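Please look over the sequence and the structure below before reading on. The report that follows takes up the loops, the nonpolar cores and the salt bridges in turn.

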Amino acid sequence: MDKRNLKWITWGFALITVLVVALMLTRTLRRSVHITLPAPQSSVEDSQNNGESNQDMLSVIEITPKTVQFAIETLRRPESYRRTITLEQFWEGGSGAWTVNAFVKDGWSRADRTMPDNRVRHTVTNGETTYIWYNSEKEIYTAAAGDITADDDQSIPTYEDILSLPVEEIAIADYRELSGVSCIYTETAENGRGYCLRYWVSVETGLLVSAEKLLNGELVYRMSALGVEVVEPANADFTLPDGTELITS
């Protein structure tokens with residue numbers, strides 16, 4: 001091959017290489033990042049110390065099926081509050097509903113659940129010991145809490161259920177408003193048994209405010225607790241019928 005032709009081929013190859021590298025760098029520099037997730041090592045405690053609200057913490061997070069679990073995990077819930085939870089079950093030709101008054105304070109949780117027969121089931125637990133009694137009866141059942149959580153006693157799911165979902169099962173995740181409450185919404189794909197789950201977690205309080213279960217597209221369960229009073233429940237709320245005070249000031 002002629003040396004002059006070889007020289008031109010060499011220069012041409014070098015020029016093409018430079019152009020390709022330049023194009024790659026240009027695309028890299030122009031590429032915009034749609035969202036910025038908080039650093040994984042940043043904790044909720046750090047955010048509390050910095051005075052950040054849940055909405056401040058989430059303002060930079062785009063909610064998708066891949067990011068929703070991390071976003072919910074960053075939420076912080078009030079240490080003390082009370083609220084009323086409405087629970088509904090639906091079946092072919094009928095439905096049933098009941099309410100639960102929930103109180104949380106200093107690691108203790110109380111649920112006063114009105115049963116379908118109008119009896120009230122009282123449950124108080126700290127995650128280690130659970131106390132149960134009915135109406136104003138003095139007889140108290142006491143047992144180790146075991147795997148039964150306060151949410152189980154209230155017959156509600158919780159945001160931990162969302163955190164335990166395999167990512168591939170999450171079909172929809174985004175921000176939504178529910179009756180004026182800003183929420184992170186999560187919906188699972190219908191599973192092999194025909195069930196689909198929906199969750200609404202309040203951005204402001206970090207609490208699950210609504211949940212639904214559908215079977216083959218039909219609603220079979222709904223939980224709703226949109227109103228939350230972030231207050232200090234009275235110690236009397238955690239006093240057993242025999243006068244034992246579980247929380248002392």
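## Two loop residues

Helices (at least four residues) and strands (at least two) are DSSP runs, numbered from the N terminus. In this predicted model, Ser179 lies in the loop between β7 (170-178) and β8 (181-188), and its phi is near 55 degrees, a positive value in a residue other than glycine. Ser179 counts as exposed because its relative accessibility is 65%, and exposed means over 50%.

Asn135, in the loop between β5 (129-134) and β6 (141-144), also has a positive phi, near 50 degrees. With 34% relative accessibility, Asn135 counts as partly exposed.

In soluble globular proteins, nonpolar side chains tend to be buried together. Here the largest nonpolar core has 27 residues, and those with the most contacts inside it are Ile85, Leu87, Ile184 and Met223. Among the elements that give two or more residues to this core are α4 (68-73), β1 (81-91) and β2 (94-105). Another core, of nine residues including Val124 and Tyr131, lies apart from it.

## Salt bridges

The count comes to 10 salt bridges. One of them joins Glu229 and Arg82, whose closest N and O atoms are 3.4 Å apart; this pair links strand β12 (residues 228-229) with strand β1, 147 residues apart.

Glu187 forms a salt bridge with Arg198, with the closest N and O atoms 3.6 Å apart, and this pair links strand β8 with strand β9. Glu187 counts as buried at 14% relative accessibility, whereas Arg198 is partly exposed at 24%. Both residues belong to a network of salt bridges that also includes Glu88, Glu212 and Arg222.

How values were computed
Residues are numbered from 1 along each chain as its sequence is written. This is a predicted model: local features need pLDDT of at least 70, side-chain atom pairs count only at pLDDT 80 or more; totals for chains, interfaces and linings use all residues. Side-chain values use heavy atoms; hydrogens and water are left out. Buried means under 20% relative accessible area, exposed over 50%, partly exposed in between (1.4 Å probe, protein chains only). A nonpolar core is a set of buried Ala, Val, Leu, Ile, Met, Phe, Trp, Tyr and Cys residues joined through side-chain atoms within 4.5 Å. A salt bridge is a side-chain nitrogen of Lys or Arg within 4 Å of a carboxyl oxygen of Asp or Glu.
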